[in-house]
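Reader: Could you walk me through this model, one question at a time? I like my cut-offs stated.

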Amino acid sequence: MVKITDVARRAGVSPSTVSYALSGKRPISEETRQRVEDAIRELGYRPHAGARALAGRRSNVLALVVPLRAGIHVPTVMRFAVSVVTTARRHDHDVLLLTQEEGADGLTRVADTALVDALIVMDVQLDDPRVPLLRNLELPSVLIGLPTSSEGLTCVDLDFRAAAEVCVEHLARLGHRSVALVGSPPEVYVRRTAFAQRVVQGFTAAADRSGMSSTVHPCEPGAAREVAEQLLREQPALTGVVVHNEALLKPLLDAFEQLGLRVPADLSLTAICPDELAESVRVPITSVALPSEEVGERAVELLMKKLDGTAVSESTLLPPRMTERASTGRRTVS
């Protein structure tokens, strides 16, 4: 198969110059453009999306960058992906799913191929190494996630800090004085993944404001019993738990009950998770909804506006929406 590098070699230019000739994103001389077109014709290169760009049309393809790193809950990620795909189709766009670790070099490579019109980037870190490139890349982008600074970017997400605060404030109103956060796997925090860090910030801030004792416990999948035992050992007065780990919600409920704690009579549970999951467990969980469908839809809509040259906000944070269910109750004092 003839590659863009073969065209560049025949034309005596760099691969990026071939890309610019195909996409028209940067001006090049007429002589250089002619050499590139001659090389494409002589080699029989078929640039697919780039060929449409050469004719003055977009590729009508969006790239969804979802690196499947350790600690990611794949079913939750796929909820976002499905929303992106279905919304993109309403705008006559297809979606190219990129699941490998795409750092700055990988994003540059994707941009230079002229295969896509724009990027949606997930699993954003507070100090994400991809951010400097995204600020300067000519290809429009939207981040699902909020890094430390959103200046020069377009970001959309649930307000995870506020979501954690809502959970803690709900427990405080019910009279709970000792609470714990059971969070994502440890590697998610090591990467300083933005949503997980903001949940910790909100949880701790709200607990401090309410004068509650609190602890944070990252938790691996399969470790529900161990973390439940640790919590009861370290916080004997514990009566409220916030769970931000979808895979752990059902096992953790089972573990507490196996240890003799009734939910909600002895222990109130809240969670940040999809409504469907919160409703499906044996004791329906009071939860802040994870609005994956709305976030994915917003990300695509923002990209469509950017592609049309319309100005958009740097950050869009969706307010938390809590639904009270059977897993929370007023603290009883023995």
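Reader: Which residues does Leu133 touch, not counting residues up to four places away in sequence?
Author: Happy to start there, with a word on the ground rules. This is a predicted model, in which local features need pLDDT of at least 70 and side-chain atom pairs count only at pLDDT 80 or more, while totals for chains, interfaces and linings use all residues. Residues are numbered from 1 along each chain as its sequence is written, and side-chain values use heavy atoms, with hydrogens and water left out. Taking contact as heavy atoms within 4.5 Å, Leu133 touches Ala104, Leu107 and Thr108.

Reader: Where does Leu133 sit, and what separates its C-alpha atom from that of Thr108?
Author: Leu133 belongs to helix 7, residues 131-136. Helices (H or I, at least four residues) and strands (E, at least two) are DSSP runs, numbered from the N terminus. Leu133 and Thr108 are 25 residues apart along the chain, and their C-alpha atoms are separated by 8.1 Å.

Reader: Thanks! What is the strand order in the open sheet, and which strands are at its edges?
Author: Strands of a sheet pair through backbone hydrogen bonds, either parallel or antiparallel. Two strands count as a pair if DSSP finds at least two bridges between them. Here six strands form an open sheet with parallel pairing, in the order 2-1-3-4-5-11. Pairing on one side only, the edge strands are strand 2 (94-98) and strand 11 (315-318).

Reader: How many bridges join strand 3 to strand 4, and which residue stands opposite Leu119?
Author: Strand 3 covers residues 118-121 and strand 4 covers residues 141-144, and the two run parallel. Three bridges join them.

Reader: Which strands does helix 14 lie across, and at what angle does it run to strand 4?
Author: Angles here run from 0 to 180 degrees between N-to-C directions, with axes as lines fitted to C-alpha atoms, for helices over the stretch in contact. Helix 14 (residues 292-307) lies across strand 1 (61-65), strand 3, strand 4, strand 5 (155-158) and strand 11. Its angle to strand 4 is about 165°.

Reader: Which residues of helix 11 are buried, and why do they line one face of the helix?
Author: Buried means under 20% relative accessible area, exposed means over 50%, and partly exposed lies in between (1.4 Å probe, protein chains only). In helix 11, residues 224-234, the buried residues are Ala224, Val227, Ala228 and Leu231. They line one face because, seen down the axis of helix 11, they fall within an arc of 105°, where the arc is that of the directions from the helix axis to the C-beta atoms. Their packing partners are strand 6 (178-183), strand 7 (213-218) and helix 12 (249-258).

Reader: What about helix 1: which of its residues are buried, and what arc do they cover?
Author: In helix 1 (residues 4-11), the buried residues are Ile4, Val7, Ala8 and Ala11. They are on the same side of helix 1, because they cover an arc of only 100°.

Reader: How many disulfides does the structure hold, and how far from Cys273 is the nearest cysteine sulfur?
Author: A disulfide is a covalent bond between the sulfur atoms of two cysteines, and the test used here is a pair of cysteine sulfur atoms within 2.5 Å. The structure holds zero disulfides. Cys273 is buried at 2% relative accessibility, and the nearest cysteine sulfur, that of Cys167, is away by 9.0 Å.

Reader: On to charges: how many salt bridges are there, and what is the N to O distance between Asp38 and Arg41?
Author: A salt bridge is a side-chain nitrogen of Lys or Arg within 4 Å of a carboxyl oxygen of Asp or Glu, and the structure holds 21. Asp38 and Arg41 both lie in helix 3 (residues 30-43), three residues apart, about one turn of the helix. Asp38 is partly exposed at 22%, whereas Arg41 is exposed at 58%. Their side chains meet in a salt bridge, with an N to O distance of 2.5 Å.

Reader: Which parts of the chain does the salt bridge of Asp254 and Arg282 link?
Author: The two side chains meet at 2.9 Å, N to O. Asp254 is partly exposed at 31%, while Arg282 is exposed at 52%. The pair is 28 residues apart and links distant parts of the chain: helix 12, and the loop between helix 13 (275-280) and strand 10 (286-289).
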